[in-house]
Amino acid sequence: MDQTTKKQLLEIEQIIGVISAGLLVAAAFIPWGHTANVTILGIEGNDSKLTIGIGLIALFVLLFRRAPTIIALILGIVALLTGFYDYQQMALATSQMGGTVGTGLYLTILAANAVIVCSVIDIIRHKKARN
C-alpha cells in the first residue's frame, strides 16, 4: 500500500468520524420517545445536552487533530453509555404509556459507536505510522 492510499484511508476515516460526531449532535434534536399524545425530543433532557457537548468536542478533535484522538474515543464511550442508559429509561417509560423509543436515541447509540470505531482505527494507524 503506497503513501497516497494510506493517506486517503486516513482521510476517509477522519471524514466518517467527523460525520458521526455531527450526527451525535443532530440526534439530540430528533425525538427520543413517542407516546400516543406526546413526542419527547432529546433536547428536552439534560443527557442530550451532554451528548451535544460530547459530539462537538469529538468533532473538533477528529477534524482538527489538535488533541489526542484518545479524547474522542473516551467521549464516544461516554456518549454510548449515556445512550444505552437513556434507551433503557425511555423504553421503560414509553412502554408503560404504550409508546416507543424514538429515532434520536437509536441515532445517538449508532453515532457514538461510529465515533468509537473511527477513533480506535485512527489510534491504531497513528501507532503503526510511528513504528
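Which residue in S2 does His34 stand opposite?

1. His34 stands opposite Thr39 in S2. Keep in mind that this is a predicted model.

2. **The sheet as a whole.** Three strands form an open sheet. Their order is S2-S1-S3, and the pairing is antiparallel. S2 and S3 are the edge strands, since each pairs on one side only. In general, strands of a sheet pair through backbone hydrogen bonds, either parallel or antiparallel.

3. **S1 with S2.** S1 covers residues 31–34, and S2 covers residues 39–41. The two strands run antiparallel and are joined by 3 bridges. A hairpin of 4 residues leads from S1 to S2.

4. **S1 with S3.** S3 is formed by residues 100–101. It runs antiparallel to S1, and 2 bridges join the two strands. Gly33 stands opposite Val101 in S3. His34 has Thr100 as its bridge partner in S3.

5. **A helix over the strands.** Which helix lies across S1 and S3? H4 does, and it runs at about 140° to S1. Helix H4 spans 103–130.

6. **The largest nonpolar core.** This core has 10 residues in all. Among them are Leu24, Ile54, Leu73, Leu80, Ile109 and Ile116. Two elements each give two or more residues to this core: helix H3 (69–96) and helix H4. A second, separate core has 8 residues, including Val18, Leu59, Val61 and Leu62.

7. **Leu80 in detail.** Leu80 belongs to the largest core. What does Leu80 touch, leaving aside its neighbours within four places in sequence? Leu80 is in contact with Ile109, Ala112, Asn113 and Ile116.

8. **Ile43, in a loop.** Ile43 sits in the loop between S2 and helix H2 (46–64). Is Ile43 buried, partly exposed or exposed? Its relative accessible area is 26%, so Ile43 counts as partly exposed; buried would mean under 20%. Leaving aside neighbours within four places in sequence, Ile43 is in contact with Ala28, Phe29, Ser48, Lys49 and Ile52. Gly17 is 26 residues from Ile43 in sequence. In space the two are 22 Å apart, C-alpha to C-alpha.

Note on methods. Residues are numbered from 1 along each chain as its sequence is written. This is a predicted model: local features need pLDDT of at least 70, side-chain atom pairs count only at pLDDT 80 or more; totals for chains, interfaces and linings use all residues. Side-chain values use heavy atoms; hydrogens and water are left out. Two strands pair if DSSP finds at least two bridges between them. A nonpolar core is a set of buried Ala, Val, Leu, Ile, Met, Phe, Trp, Tyr and Cys residues joined through side-chain atoms within 4.5 Å. Buried means under 20% relative accessible area, exposed over 50%, partly exposed in between (1.4 Å probe, protein chains only). Contact means heavy atoms within 4.5 Å. Axes are lines fitted to C-alpha atoms, for helices over the stretch in contact, and angles run from 0 to 180 degrees between N-to-C directions.
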